[in-house]
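Subject: Structure for you to look over

Hello,

Here is the structure I promised to hand over. Please open it beside this email and follow along.

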Amino acid sequence: MKKRNIFLFVQFFISTLLFAQLPKDSWSLNFGASYPRLVNHSYTYAGNVNFGGFLGVQRNFSEHVGLRMQIAFDRLEGIYGNPALSSFVNSFSGNFD
């Protein structure tokens, strides 16, 4: 029963994505957050202060043509043995689709 419900949910989700129509000449704003995990052979384990997020804007010219610009930020932390020996990286990225 549980597998069937998951299958139906996935089918509904995919059909919603396939048949959704965006209005012509429209704008959209998207944003989100993430909890990335740093995995590296140099570190004993990943830190708990990992976070990230993104912000984007999209311009739809027609149902099939649009432009999207997105910026993202990630902060990754790793700990090597002693928790006092932690290291972190701040990462910025941008996408243009």
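Below is what was found in it, from the whole chain down to single contacts.

First, the ground rules. This is a predicted model, in which local features need pLDDT of at least 70, side-chain atom pairs count only at pLDDT 80 or more, and totals for chains, interfaces and linings use all residues. Residues are numbered from 1 along each chain as its sequence is written, and side-chain values use heavy atoms, with hydrogens and water left out.

**The chain as a whole**

The chain has 1 helix and 5 strands. Their order along the sequence is α-β-β-β-β-β. Helices (H or I, at least four residues) and strands (E, at least two) are DSSP runs, numbered from the N terminus.

Of the 97 residues, 16% are buried. Buried means under 20% relative accessible area, exposed means over 50%, and partly exposed lies in between (1.4 Å probe, protein chains only). The chain exposes about 7900 Å², and carbon and sulfur atoms supply 66% of that area. Accessible areas come from the Shrake-Rupley method with a 1.4 Å probe; for residues, only the protein chains shown count as cover.

Take the contacts between residues at least 6 apart in sequence: 49% of them join residues at least 24 apart. A contact means heavy atoms within 4.5 Å.

**How the strands pair**

Strand 3 has pairings with strand 1 and with strand 4. Two strands pair if DSSP finds at least two bridges between them. Strands 1 and 3 run antiparallel over 9 bridges. F31 has L55 of strand 3 as its bridge partner. Strands 3 and 4 are also antiparallel, over 10 bridges. Here G56 is bridged to Q70 in strand 4. A hairpin of 5 residues joins strand 3 to strand 4.

**The nonpolar patch**

W27, L29, F31, L55, V57, F61, V65, L67, M69, I71 and F96 make a nonpolar patch of about 1200 Å². Strand 1 (26–34), strand 3 (51–60) and strand 4 (66–79) are the elements that give it two or more residues. Patches are made of residues with over 30% relative accessible area and no salt bridge; like charges are joined within 9 Å, and nonpolar side chains (Val, Leu, Ile, Met, Phe, Trp, Tyr) within 5 Å.

V57 sits in strand 3. V57 is partly exposed because its relative accessibility is 32%.

L67 lies in strand 4. Its relative accessible area is 40%, so L67 is partly exposed. Leaving out residues up to four places away in sequence, L67 touches V57, Q58, R59, F61, F96 and D97. L67 and W27 are 40 residues apart in sequence, yet their C-alpha atoms are 9.7 Å apart in space.

**The aromatic cluster**

How many aromatic pairs does the structure hold? There are 2. Rings of Phe, Tyr and Trp (its six-membered ring) pair if their centres lie within 6.5 Å; planes under 30 degrees apart count as stacked, over 60 as edge-to-face and the rest as tilted.

F51 and F73 form a tilted pair, 6.0 Å centre to centre with 45° between the planes. This pair links distant parts of the chain: F51 in strand 3 and F73 in strand 4, 22 residues apart.

F73 and F92 have ring centres 4.9 Å apart and planes at 50°, so this pair is tilted. It too links distant parts of the chain, with F73 in strand 4 and F92 in strand 5 (residues 86–96), 19 residues apart.

F51, F73 and F92 form one aromatic cluster. F73 is partly exposed at 22%. F92 is exposed at 68%.

**The salt bridge**

The count comes to 1 salt bridge. A salt bridge is a side-chain nitrogen of Lys or Arg within 4 Å of a carboxyl oxygen of Asp or Glu. The side chains of R68 and D97 form it, at 3.8 Å from N to O. R68 is in strand 4 and D97 is in the segment after strand 5, 29 residues apart, so the pair links distant parts of the chain. R68 is partly exposed, with a relative accessible area of 33%.

Best wishes
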